[in-house]
Every structure is written in structure tokens, then in C-alpha cells.
Amino acid sequence: MFGRKKTEGIRYDAAVEQPAVKTSICTGERVAGFLNKTTRSFRDHTLIRNDAELMEFCRACGVSPEELKHIV
């Protein structure tokens, strides 16, 4: 009832999508989401405000920060 909220893993099809971080050229804002491997379209998932949120996204997806695709 009380305490920390448990976070579940993020579901995505690894055969179709790849975890990625999209960075704005103008503001530097970062958005974590998924890049479709065939159409190259990006699906937003969450706004990244600090490194802790980036690490939480990586943990939920089951990837390391080095495995994330970076899009500008």
C-alpha cells in the first residue's frame, strides 16, 4: 500500500523496434522511445530530464545505455 511504486518492464517487439533516444538540436531536450527498424519512424515513450530517468528507461527495456540508438 505505502512505499515505492513498482515499475514494470516496457513491452516492445525487439524484432521490429529498437530502444532509442531522440535529442533536439535546438533545446537539447531528450525523449526516450522506440525506433521502428523497417520504417525508421520514432514512437515517443517518455521525456528524459536527467541521467537517472535514462537509466530507469534502460532498466525497464532491459538494455544498457551503450545499446541505445541516438537520434538527432
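Gly28 takes a positive phi near 80 degrees in the hairpin of S1 and S2, which has six residues between the strands. Strands here are DSSP runs (E, at least two residues), helices are DSSP runs too (H or I, at least four residues), and both are numbered from the N terminus.

This is a predicted model: local features need pLDDT of at least 70, side-chain atom pairs count only at pLDDT 80 or more, and totals for chains, interfaces and linings use all residues. Residues are numbered from 1 along each chain as its sequence is written, and side-chain values use heavy atoms, without hydrogens and water.

Strands pair if DSSP finds at least two bridges between them. The table shows two pairings.

| Strands | Sense | Bridges |
|---|---|---|
| S1 (residues 17-23) and S2 | antiparallel | seven bridges |
| S2 and S3 | antiparallel | six bridges |

Gly33 in S2 stands opposite Ala20. In S3, Gly33 has Asp44 as its bridge partner.

S2 is mostly covered, with six of its seven residues buried. Buried means under 20% relative accessible area, exposed over 50%, and partly exposed in between (1.4 Å probe, protein chains only).

Now the loop between S2 and strand S3 (42-48): Arg40 is found there. Arg40 takes a positive phi near 60 degrees. Arg40 counts as partly exposed because its relative accessibility is 47%. Arg40 touches Leu35 and Lys69, not counting residues up to four places away in sequence. Contact means heavy atoms within 4.5 Å.

Cys61 touches Ile10, Tyr12, Pro19 and Phe34, again leaving out residues up to four places away in sequence.
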